[in-house]
Amino acid sequence: MQMKVNNRVREMRQERSITQVKMAEDIGITRQTINAIEKGKYNPSLELTFRLLAYFDIPFEQLFYIEEE
C-alpha cells in the first residue's frame, strides 16, 4: 500500500484571493514552487510546510491529507 500526500494549498490561496505571485513573494519562494506544490508535483520540505501553515494560520490537517493508493 502506497500513500500519497495531497494538499489544499490552491484552495486555501483562492479562498483568500491571493495570487501565486503574491504568496510566493510573501513566503520567499518562487511562483513555480507554489505551482508545483499545488499540482502535487513537489512535496514541500518540513521548513516550507511550517511556513505554509503559518501563512494560512491553519493546522496541518487542514492543509495536508494522505490518500492511500
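In this predicted model, the backbone oxygen of Ile37 sits 2.8 Å from a polar atom of the Asn7 side chain. A polar side-chain atom of Asn7 also lies 3.0 Å from the backbone nitrogen of Val9. Asn7 itself belongs to strand E1, which spans residues 3-7. With a relative accessible area of 16%, Asn7 falls under the 20% limit and is therefore buried. Leaving aside residues up to four places away in sequence, Asn7 touches Ile37, Glu38, Leu63, Phe64 and Tyr65.

Two of these partners, Ile37 and Glu38, lead on to helix H3, which covers residues 31-38. The buried residues of H3 are Ile34, Asn35, Ile37 and Glu38. These residues lie on the same side of H3, because the arc they cover around the axis is only 165 degrees. The packing partners of the buried H3 residues are strand E1, helix H1 (9-15), helix H2 (20-27) and helix H4 (46-56). After H3 comes Gly40, which has a positive phi, near 75 degrees.

Attention can now turn to the surface. Here Met1, Met3, Val5 and Ile66 make a nonpolar patch of about 470 Å². One of these residues, Ile66, is located in strand E2, made of residues 64-68. The relative accessibility of Ile66 is 53%, over the 50% limit, so Ile66 counts as exposed.

How values were computed: Residues numbered from 1 in each chain as written. Predicted model: local features only at pLDDT ≥ 70, side-chain atom pairs only at ≥ 80, totals over all residues. Heavy atoms only, no water. Helix = DSSP H or I, 4+ residues; strand = E, 2+ residues; numbered from the N terminus. Buried < 20%, exposed > 50% of the residue type's maximum accessible area, 1.4 Å probe, protein only. Polar contact = N/O pair within 3.5 Å; in protein donor to acceptor, adjacent residues only side chain to side chain. Contact = heavy atoms within 4.5 Å. Arc of directions from axis to C-beta. Patch = residues over 30% accessible without salt bridge, like charges linked within 9 Å, V, L, I, M, F, W, Y side chains within 5 Å. Areas by Shrake-Rupley, 256 points an atom, 1.4 Å probe, with all protein chains shown as cover. Salt bridge = Lys/Arg side-chain N within 4 Å of Asp/Glu carboxyl O.
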